[in-house]
Amino acid sequence: MSQDTAFDRGNLFLVGPMGAGKTTIGRQLAEVLGKSFKDSDHEIVRRTGARIPLIFEIEGEEGFRRREQDVIDALSAEKNLVLATGGGAVLKPENRAHLSGRGTVFYLFGSIDQLLRRTRRDRNRPLLQTDNPRAKLEALMAERDPLYREVADAVIYTDERSVRSVVKEIVARYRHMEKERQAK
Ligand SMILES: Nc1ncnc2c1ncn2[C@@H]1O[C@H](COP(=O)(O)OP(=O)(O)O)[C@@H](O)[C@H]1O
Ligand SMILES: O=C(O)C1=C[C@@H](OP(=O)(O)O)[C@@H](O)[C@H](O)C1
Ligand SMILES: [Mg+2]
């Protein structure tokens with residue numbers, strides 16, 4: 001599918017590591033743009049009736065990824081949506097194809113220090129419930145950063161920046177893309 005068709009669906013998809021701010025930024029971005037907001041993790045929890053740590057405990061990461069794939073497939077098919085994905089959504093090639101083919105993808109980037117600060121108090125991310133969350137985040141970023149870049153139309157730096165300023169930058173860049181699209 002061409003990138004133009006992807007743009008015309010009116011979808012913005014947020015990808016990036018845990019703690020980049022996808023859920024927080026996504027909700028505000030949707031409000032500013034007058035679009036609906038969905039979060040793939042929230043949808044998984046809603047459909048399953050179990051919270052993420054319990055899904056990991058019972059079904060393992062593999063079970064979670066299967067559920068995530070179903071949800072990404074369904075949500076990315078909607079229109080005029082801001083979708084915050086989970087940090088591992090880019091792992092499956094099917095998800096990457098849906099995200100890049102059905103909307104405009106923003107990679108929210110954060111340094112390891114920043115990601116650690118934003119995730120250290122939250123017990124809801126099973127992958128970080130380890131003795132060394134820094135090493136875990138480093139390993140995940142080494143594997144996933146190329147995948148985030150592969151699907152992204154734009155990379156947004158979030159370190160030391162307020163939610164408001166990140167939202168503002170995404171809106172500006174999206175509006176610019178819209179203008180370029182209309183000029184064609
Ligand atoms: N730009 C930011 N500045 C300060 N705090 C932020 C920023 N973005 C997110 N946060 C905070 O970091 C934590 C993790 O954000 P969240 O949106 O859950 O990230 P993600 O969905 O990418 O894992 C939340 O407590 C959120 O309020
Ligand atoms: O990076 C990951 O593999 C995960 C990220 C989480 O979402 P956030 O990126 O919104 O924290 C959630 O999907 C799950 O705990 C797995
Ligand atoms: Mg999130």
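How many nonpolar, polar and charged residues does the shell around ligand 1 have? Select that shell: by class it holds 5 nonpolar, 7 polar and 3 charged residues. Here Ala, Val, Leu, Ile, Met, Phe, Trp, Tyr, Cys and Pro count as nonpolar, Asp, Glu, Lys and Arg as charged, and the others, Gly among them, as polar.

The structure is a predicted model, in which local features need pLDDT of at least 70, side-chain atom pairs count only at pLDDT 80 or more, and totals for chains, interfaces and linings use all residues. Residues are numbered from 1 along each chain as its sequence is written, while chains are lettered from A and ligands numbered from 1 in the order in which they are written.

**Ligand 1**

Of the 15 residues around ligand 1, Gly21, Lys22, Thr23, Thr24 and Arg118 come nearest; a residue is near a molecule if its C-beta atom, placed from the backbone, lies within 6 Å of it. Helix 2 (22-33) and helix 8 (163-183) are the elements that give two or more residues to this shell. Helix 2 contributes the most, with 3 residues. Helices (H or I, at least four residues) and strands (E, at least two) are DSSP runs, numbered from the N terminus.

**Thr23**

Next, select Thr23, which is found in helix 2. The unreviewed UniProt entry places the feature "binding site" at this residue; such annotations may be inferred rather than shown by experiment. Thr23 is partly exposed because 16 other C-beta atoms lie within 10 Å; a residue is buried at 20 or more, exposed at 12 or fewer, and partly exposed in between, with C-beta atoms placed from the backbone.

**Helix 3**

Now select helix 3 (residues 40-48), whose buried residues are Ser40, Asp41 and Ile44. These residues cover an arc of only 105° around the axis, so they lie on the same side of helix 3; the arc is that of the directions from the helix axis to the C-beta atoms. Just after helix 3, Gly49 takes a positive phi of about 75°.

**The core**

Finally, select Leu14, Val15, Val105, Phe106, Tyr107 and Leu108, which touch the most other members among the 37 residues of the largest nonpolar core. Such a core is a set of buried Ala, Val, Leu, Ile, Met, Phe, Trp, Tyr and Cys residues joined through C-beta atoms within 7 Å. Strand 4 gives the most to this core, with 5 residues.
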